[in-house]
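User: Hi! I'm new to looking at chains that touch each other. Could you walk me through this one?
Analyst: Happy to, let's bring it up.
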Protein chains: 4
Amino acid sequence: MDNQLKVAVVGASGYSGEELVRILVGHPMAKLVALTSRQLVGKRMGHVFPKFEGMRYADLEFINSDVDAIVATGAEVAFLALPHGLAHEFAGPLLRAGLRVVDLSADFRIKDLAVYEDFYGAPLQEPELAAVSVYGLAEVYREALREAKLVACAGCYPTSILLPLIPLLKNNLLQPDSIHVASMSGVSGAGRTAKVDYLYAECNENIRAYGIPKHRHLAEIEQELSTAAGEPVCISFTPHLAPVTRGIHTTTYARPRLGVAPQQIGEALETAYAGRPFVRLLSGNALPETRHVTHTNFIDIAWRHDPRTGRLVLLSVEDNLVKGAAGQAVQCLNVMCGWEETCGLL
Amino acid sequence: MDNQLKVAVVGASGYSGEELVRILVGHPMAKLVALTSRQLVGKRMGHVFPKFEGMRYADLEFINSDVDAIVATGAEVAFLALPHGLAHEFAGPLLRAGLRVVDLSADFRIKDLAVYEDFYGAPLQEPELAAVSVYGLAEVYREALREAKLVACAGCYPTSILLPLIPLLKNNLLQPDSIHVASMSGVSGAGRTAKVDYLYAECNENIRAYGIPKHRHLAEIEQELSTAAGEPVCISFTPHLAPVTRGIHTTTYARPRLGVAPQQIGEALETAYAGRPFVRLLSGNALPETRHVTHTNFIDIAWRHDPRTGRLVLLSVEDNLVKGAAGQAVQCLNVMCGWEETCGLL
Amino acid sequence: MDNQLKVAVVGASGYSGEELVRILVGHPMAKLVALTSRQLVGKRMGHVFPKFEGMRYADLEFINSDVDAIVATGAEVAFLALPHGLAHEFAGPLLRAGLRVVDLSADFRIKDLAVYEDFYGAPLQEPELAAVSVYGLAEVYREALREAKLVACAGCYPTSILLPLIPLLKNNLLQPDSIHVASMSGVSGAGRTAKVDYLYAECNENIRAYGIPKHRHLAEIEQELSTAAGEPVCISFTPHLAPVTRGIHTTTYARPRLGVAPQQIGEALETAYAGRPFVRLLSGNALPETRHVTHTNFIDIAWRHDPRTGRLVLLSVEDNLVKGAAGQAVQCLNVMCGWEETCGLL
Amino acid sequence: MDNQLKVAVVGASGYSGEELVRILVGHPMAKLVALTSRQLVGKRMGHVFPKFEGMRYADLEFINSDVDAIVATGAEVAFLALPHGLAHEFAGPLLRAGLRVVDLSADFRIKDLAVYEDFYGAPLQEPELAAVSVYGLAEVYREALREAKLVACAGCYPTSILLPLIPLLKNNLLQPDSIHVASMSGVSGAGRTAKVDYLYAECNENIRAYGIPKHRHLAEIEQELSTAAGEPVCISFTPHLAPVTRGIHTTTYARPRLGVAPQQIGEALETAYAGRPFVRLLSGNALPETRHVTHTNFIDIAWRHDPRTGRLVLLSVEDNLVKGAAGQAVQCLNVMCGWEETCGLL
């Protein structure tokens with residue numbers, strides 16, 4: 001075990017941080033050496049997360065979210081599981097101290113700083129980091145991830161939207177201005193933060209849309225779709241909150257370019273994801289269900305051609321905390337380290 | 001109370017039937033004289049529906065679903081709360097016996113018999129009834145309902161989709177081929193039927209789409225949209241099942257016709273629904289939430305114009321068992337009888 | 001409507017306050033003249049509670065929680081729907097200004113000030129009010145409520161525990177030291193307060209006990225049981241949190257006194273609750289289910305004698321926000337005013 | 001992998017069978033060679049359980065539930081995940097064919113055949129098997145399990161009740177006639193069977209008791225408690241259904257024998273479960289929560305002494321499908337085979 005890679009989780013008190021811990025407990029190549037949180041300094045991991053009591057790392061004590069303290073643990077890689085807007089406090093210093101950084105926030109995902117400021121309402125701190133970051137979506141950026149020092153993991157909604165669409169746009173099969181998306185997310189996506197809006201008695205037996213028409217995630221979604229299409233792509237996107245703890249279901253409408261045959265859609269997806277361990281293309285009559293992917297790093301995708309309208313319907317599901325956050329981050333780590341992509345994740 | 005209208009509920013064992021009973025318990029102008037069910041003959045209503053024990057009608061006993069027996073109760077109006085495909089067994093005979101009929105099923109909603117057969121897989125029984133039925137959506141067909149003998153109540157999904165769109169199509173504000181709909185429904189929509197797919201342990205913590213790309217409700221949705229538009233309208237529609245008991249949330253994308261200003265959208269909706277007691281147009285930043293309409297006959301509607309895409313987003317919520325079924329039926333009855341439209345419903 | 005009683009709801013922003021508003025919207029004898037909240041001053045009721053938009057009182061604006069302002073509205077009765085420990089700021093001044101007060105908090109329920117201090121951790125403010133308050137449980141204190149100036153409404157758990165037991169203890173049928181209670185409550189019982197513990201993602205798919213072995217509600221439960229028994233009664237009580245929004249289910253074990261026949265239990269309950277409109281004693285094989293009472297003021301009760309152990313099992317369900325709070329308060333008001341006990345509640 | 005033990009799962013279509021598959025997918029010492037189901041013959045495992053698609057065994061096809069067919073697969077151990085009353089069709093023949101059998105049903109748990117018949121309403125088939133079976137609760141019967149040919153795995157409710165109580169009864173610390181139990185279970189406990197009572201719309205937002213006062217599980221609970229106490233133990237037990245998919249929470253009241261000091265309770269539990277990998281005794285203020293054990297084989301236990309009543313409160317939680325079924329079965333297998341008790345389970 002001595003040759004295991006030493007990793008730290010910065011901001012480990014939230015749902016993504018907890019999920020990182022769960023994965024790292026079972027990861028054969030990595031060794032968790034630091035958990036940080038300003039509120040939880042000195043607490044045992046098993047005390048903070050009772051479900052992990054009695055398991056590996058249960059006795060690890062939280063340390064302060066402090067760059068020097070993290071460096072002192074010998075960590076070689078740091079996962080940043082912080083709220084948006086705070087990653088810059090750690091990413092630069094840790095990189096300069098020689099660590100590799102896998103950031104789960106949105107901070108370094110947007111290459112165009114004006115777009116970032118437009119969507120996030122403030123200029124990016126340490127903007128030069130956005131330029132060197134690699135977008136953390138291993139199905140698309142595997143090669144770049146191998147050498148990445150800073151990974152900006154793809155967000156939860158974006159992952160569910162990008163993976164069905166990117167192969168189709170890359171193959172020039174879709175009309176870029178025809179994309180309409182409706183996503184439903186579980187409440188854990190709002191984080192472990194005390195807000196009345198996310199109380200049980202407010203969310204239970206309730207469905208609602210929010211954040212329209214200009215949700216922040218559109219910035220990275222359109223950046224990546226445009227890259228894939230080779231031309232600007234602007235989409236409609238409506239996120240909804242549904243009463244589940246975990247899971248995202250995304251339904252996407254798009255129109256094939258003139259002359260594209262339905263089977264080309266299936267072929268493009270199959271070619272893109274052949275051998276990709278976490279993308280499952282459903283066959284036959286099966287449609288994706290979030291319960292089949294929650295607590296896993298899988299994304300399940302199905303599609304249908306509607307002869308009545310000539311449009312495609314693409315359906316995808318994932319666990320927002322795994323493939324949409326912690327699992328994605330570990331998948332990136334696996335690629336960065338040259339390990340099996342599924343290491344610790346299957 | 002002797003001058004109350006005598007009403008029967010045929011097929012009262014399901015969720016819609018139960019909801020009809022709940023409303024009729026509090027209805028000042030109607031008197032429930034018969035509840036029918038083949039399985040429940042002889043059972044007290046309060047025994048079948050323990051939540052109504054101790055209330056009006058709790059001692060009413062179920063009778064067989066038999067036309068003669070229903071007529072013998074003196075019923076003047078019959079609500080048919082039967083599974084699709086069975087209404088014809090009752091509608092014709094009851095009409096010929098002089099009753100007025102409010103059917104909650106899809107059987108008499110479709111005017112074009114070929115469309116009915118295409119979507120429902122079998123020819124309509126008693127097709128001449130479809131010709132004389134009035135589509136039961138009081139916000140649209142109030143005048144026709146006043147004299148209706150047979151009402152084919154609008155379905156749950158259709159109501160949530162039609163009410164936001166019809167005023168816009170009537171006013172020629174939308175491109176008819178631009179409509180994309182994603183709806184989420186609670187599980188009561190599947191009925192009180194013993195199927196593994198609707199078990200708690202299958203539906204809880206799960207979101208999934210179903211019935212695509214050609215859900216049966218498209219037949220009536222497109223019929224009514226086309227009537228409003230004065231030209232054929234063909235839409236994309238994806239229903240989803242979400243873990244709530246009640247409630248439908250519908251998100252609709254549409255593109256305004258060239259030259260339509262966003263405020264025309266709001267004006268058309270406000271004009272259409274001014275004084276309509278069950279349509280609430282949300283103002284300010286508010287977005288619809290199903291919890292605000294469940295257990296009521298309201299439909300809440302909001303809309304946003306997205307300057308990035310030029311598209312509209314229309315959002316609507318209703319209780320699938322009330323505005324989508326039993327409440328809608330009673331609202332139609334109120335109009336048919338010349339009572340206050342809100343009678344027993346507020 | 002001019003001879004309607006003018007009522008105020010103080011602290012109307014929480015779940016109990018909202019439920020009071022819902023009931024008052026439909027109450028024929030009372031007129032809501034004031035809603036108070038320190039956070040919501042100036043907001044329309046329909047804006048704060050969108051589900052009541054378009055209904056009676058939707059345009060009423062919240063005023064500050066200030067005694068003079070409340071008095072100035074002409075209110076004749078004030079409901080206090082405040083967190084525990086704050087009622088004394090309003091109860092005394094409002095009483096002295098001539099209003100009658102119906103308090104939903106625990107502050108004036110405990111007659112023994114030492115017991116209050118023991119369970120609530122601080123001495124009661126305005127202790128003389130506890131002496132004159134009437135315990136707000138109309139099934140037990142109807143006569144005293146008629147003349148009450150200050151009502152201390154029974155709590156949610158206490159109501160579900162007291163109503164099955166009091167008739168049995170009054171009739172000397174139970175061994176007082178044999179009572180063991182396990183209750184399960186929905187999350188709305190924790191109030192509309194932003195705490196991580198009550199987030200959807202913390203409460204969903206989770207069951208846990210809390211507040212043992214000395215929950216605060218024991219003070220009033222044992223006070224009332226002891227009064228009924230004519231001797232001190234000390235019980236075991238474990239509350240649990242279950243993932244429902246509303247509802248309490250209480251299971252109580254008790255041992256009949258030597259020589260008591262099982263049918264005496266049923267007779268005592270039937271005698272006690274004959275003609276009591278909100279207590280439903282279930283017959284046959286039926287067992288209580290919270291869904292049959294949520295959104296109503298009913299409490300459903302069943303009991304079984306276990307010949308194997310010689311013990312009784314008593315089961316009771318109620319809606320914690322209605323029979324356990326707002327409905328109970330209105331039921332008390334109805335008695336105080338000489339109206340039908342069910343007025344506005346059925 | 002060739003020296004892996006070959007195992008079959010008989011009746012693999014239900015929730016326990018599915019959970020066995022999940023565990024076996026990750027079990028390093030066992031190899032799944034047969035899945036049986038009368039309804040699913042010829043279907044791929046990954047098709048039946050889409051969440052396991054793309055994982056180990058996804059291509060294994062279901063075979064008929066037929067003894068010869070099972071034997072022909074070379075299986076050395078068979079798990080029987082059948083409804084109660086069917087295990088005898090497989091247990092005897094498979095044992096005679098030389099397999100070891102781990103039965104998850106109640107059929108062979110009850111040693112006293114008259115008790116079995118009393119609680120299960122019919123005489124046991126192959127009663128001689130009950131005599132040779134070992135009760136499958138590794139924390140109590142580890143030694144006997146090592147040589148067992150037929151294991152009758154402890155039931156879900158029984159496990160949650162027995163593990164807190166057995167050490168206390170063995171040490172003579174409790175009054176045997178003082179035990180009162182209230183348990184809450186998730187809906188998966190009712191199995192994947194199409195019944196209206198377990199539909200989502202019936203169970204959601206609902207809490208109810210059932211099966212009182214003489215639930216079938218009392219037979220095995222009292223058998224094992226009596227064995228531990230060395231004298232007959234008769235208890236009160238009320239199971240409740242709560243709206244969660246998985247998880248059991250059990251609250252048990254018991255009175256210590258005269259002179260027993262509270263710390264003896266803790267010491268007895270700590271001694272009994274020192275080094276037992278799946279029993280976690282909570283310390284400090286922590287109380288068990290089902291979410292901390294669902295999807296794991298842990299049982300979490302806490303206890304409190306109530307000085308007011310002199311009684312103990314014992315609280316325990318487990319996943320009904322894991323520690324209450326499939327995990328328990330694999331834990332027994334691990335002991336039977338001399339493997340690490342946690343093999344494949346942590």
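User: How many residue pairs are in polar contact between chain A and chain B?
Analyst: In this predicted model, chain A and chain B have 30 residue pairs in polar contact, counting pairs with both residues at pLDDT 80 or more.
User: Which parts of chain A supply the side that touches chain B?
Analyst: Several elements each supply at least two residues, among them helix α10 (218-229) and the strands β12 (299-306) and β13 (311-318). By class, that side of chain A has 22 nonpolar, 12 polar and 13 charged residues.
User: And how many salt bridges are there between chain A and chain B?
Analyst: The rule finds 6. One of the pairs across these chains is A:E289 with B:R208, where the closest N and O atoms are 4.0 Å apart.
User: How much area do chain A and chain B bury?
Analyst: About 4100 Å² between them, with 56% of it on carbon and sulfur atoms. In chain A, the residues that lose the most area to chain B are A:E205, A:I207 and A:R308, together 18% of what that side buries.
User: Okay, switching topic. What do chain B and chain D bury between them?
Analyst: That comes to about 1600 Å², 62% of it on carbon and sulfur atoms. The contact takes 19 residues from chain B and 19 from chain D.
User: Which residue does B:R192 form a salt bridge with?
Analyst: Its partner is D:E202, and the closest N and O atoms are 3.0 Å apart.

Definitions and conventions: Residues numbered from 1 in each chain as written. Chains lettered and ligands numbered in written order. Predicted model: local features only at pLDDT ≥ 70, side-chain atom pairs only at ≥ 80, totals over all residues. Heavy atoms only, no water. Contact = heavy atoms within 4.5 Å. Buried area = accessible area lost by both parts, 1.4 Å probe. Salt bridge = Lys/Arg side-chain N within 4 Å of Asp/Glu carboxyl O. Polar contact = N/O pair within 3.5 Å; in protein donor to acceptor, adjacent residues only side chain to side chain. Helix = DSSP H or I, 4+ residues; strand = E, 2+ residues; numbered from the N terminus. Nonpolar A, V, L, I, M, F, W, Y, C, P; charged D, E, K, R; others polar.
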